[in-house]
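Reader: I am new to this structure, and I would like to understand the words used for its parts. Could we take them one at a time?

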Amino acid sequence: MNRKAGILYVAAFLVMISIPALTMNHQKDAISGIDNRMLSDFPSIGTEGFARGVESYISDRTGGREEMINAYTTLNDRLFHEMVHPSYTYGQDGYVFFKMHQNIPFHDYHMEFASMVRRLQDYCESRNVKFYFLFDPEKNSVYRRYLPEGVFYENEWVNSLMNEFDRLGVSYVDNSMYLQKISEKHQVFNRQYDAGHWNDLGCFYGMNHLFARMKEDLPAVRELSFDDFTIGTQVMESLPVSRFPIQEEVPQFTLKSRYKDLSGEVAQELRVHSQYPHVHYYINEAKDSENLPRTLIFQGSYLNSRPQFLISNTSVDIGVHNYQNVLDLDYYFNIFQPETVIFEAAEYVFSDTYFSLEGMKNMDLSPALITREELEKAGGSMEEAVKALCRKTDRYPLSMSGVIHEGRQIDTVFTGTIPQGCRYAYLYTHGQVYDLKPDEAGVYAVSVEHGRITPDPDARLFVRNADGTDYYVPLAIREPSVMLTDQIQATAGVQQRDGGYEFRTTLRDNQFSHLLFQLYDPATDTYPHAFATADAPGTVTDTYVHDLKSGRYRISVRANSNLSDEMISYDVYLEEGERYYAGYKITSFSGTEIRAEGIWMIH
């Protein structure tokens, strides 16, 4: 080899080994499409395990990683019929399963989970609402006869959990043995495609098992028929979150009856866990659907993509991703006022990742203000039951007002702050009782579907103190005096964007620290009060009692910074001694840009 050819060879070799490094994925919070997980981020210098963190970062983000894994996996499959894949493994007879995990024993976590489910059931039943827990097995359990040779899958903990449910009196449906029996004749999980979930046929049978149980309590509920669906198939050519090639025909069920989808509108205003944001809202438009229950279901990935199997057995089907969100049952219950609540969970989600152990232990649901016995004694009239409660409960020596902040799909009723000692608080209005919850500022409020609560001069606020004493307060709910409508000033760094505002600074070294409401008093040229302060994304509400003279003032919504603030100002009239409520939602926050929407202040 001559000198020139040698130089070209070395140069080509250096280019080849440089390509993976030069094409590394440096995107923050990047997700791997092949193994469906977050890629390692570069560790902070000086942290424990820094060297291992750098190694993981390079391994995860090397250019062409997914292409190399796919090529290696496909080659092994074709040559040796072996699946070398980060997520999947071959079983017998061509079945594909998720990577095998260790068998787990029944332990304290499962005991706490069972206790949590019983408390959810108590909350619903004390409000005369039916509750059902649905347990769905994983593929390893139903098709264990096709697991890889030598693998023993043991899930005795499931039987122990069901025994604990029996001991606690939980209303549940276990699909484990039921689907195992069905699987002897029908393919309820696909042989290969989507190893983590049942298929449409499995969902059909699994939900019918639940409906058979529900029909015992709710005669209008019926078991589904194949005639309810247009049934076809679809050929899948690769595994989910993978380019691993397969060729499998999977069932597809399409509901024939009509329904209205308001999922997008409701999801925009509903508070859900950031990692588990699935929400759906379907109105059944089929004939006689009004006889079916209005159903709130907390569900996982087994059902998130298969709403067609619940819609036809509800008047309204309201779905919320179950993981972590179910711990806030009272929030969703107050909004949607369901007639039936279902909590579905799959076999592999019993861990802190999906249902926080600490969250389950700390879940504090309000007991019913009016017991079923008290309601029956009042002849089924909530109004008469509340009157009877008032006769035996002390009246607190103050009067309060509540205000309605209207949204597009969800309204919020604010009742202000409550004296210390409160354990539970309730709002009674128009024949309905709602649980009140405080936010971080101590402002009590309840969220409801739009239009459900209207002005009411004769509402009541009930308080149950931690020391066991009760009292009630007359409460006039009224439409707010809407403020912040007449913008008088906006700095150059504030622009209206998509129904909200963007506060941006272009000044070098200028950094935003927080967003806040600030009161300006023109009589003294001072800023006497600041409230509704936040320094991170989220929804903020606050209360302000005006302790100055009645008159015109200026309210600034201000992005505070170290050099130059950006703000919007409004001209308002404030009355001495009156209470005002303020709030907004920050959708993004950084040192140079804040995006906020729904900025409001009401009286």
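This is a predicted model: local features need pLDDT of at least 70, side-chain atom pairs count only at pLDDT 80 or more; totals for chains, interfaces and linings use all residues.

Reader: What makes the contact between α4 and α6?

Author: Contact means heavy atoms within 4.5 Å, and the residues that make it include Phe 113 and Val 117 of α4 together with Trp 157 and Leu 161 of α6. The residues of this contact divide into eight nonpolar, two polar and two charged.

Reader: Why is helix α8 called mostly covered?

Author: Buried means under 20% relative accessible area, and 12 of the 16 residues of α8 (residues 200-215) are buried, so the helix is described as mostly covered. Among them are Cys 203, Phe 204 and Leu 210. From its first C-alpha to its last, α8 reaches 22 Å, close to the 22 Å expected at 1.5 Å a residue.

Reader: How do you know that β5 and strand β6 pair?

Author: Two strands pair if there are at least two bridges between them; β5 and β6 (residues 172-174) have three, in the parallel sense, and therefore count as paired. Within β6, Asp 174 is the bridge partner of Phe 135. Strand β13 (residues 340-346) also runs parallel to β5, joined to it by seven bridges, and there Phe 343 is the bridge partner of Phe 133.

Reader: How many residues of β5 are buried?

Author: Six of the seven residues of β5 (residues 130-136) are buried, and the strand is mostly covered.

Key. Residues are numbered from 1 along each chain as its sequence is written. Side-chain values use heavy atoms; hydrogens and water are left out. Buried means under 20% relative accessible area, exposed over 50%, partly exposed in between (1.4 Å probe, protein chains only). Helices (H or I, at least four residues) and strands (E, at least two) are DSSP runs, numbered from the N terminus. Ala, Val, Leu, Ile, Met, Phe, Trp, Tyr, Cys and Pro count as nonpolar, Asp, Glu, Lys and Arg as charged, and the others, Gly among them, as polar. The expected span of a helix is 1.5 Å times one less than its number of residues.
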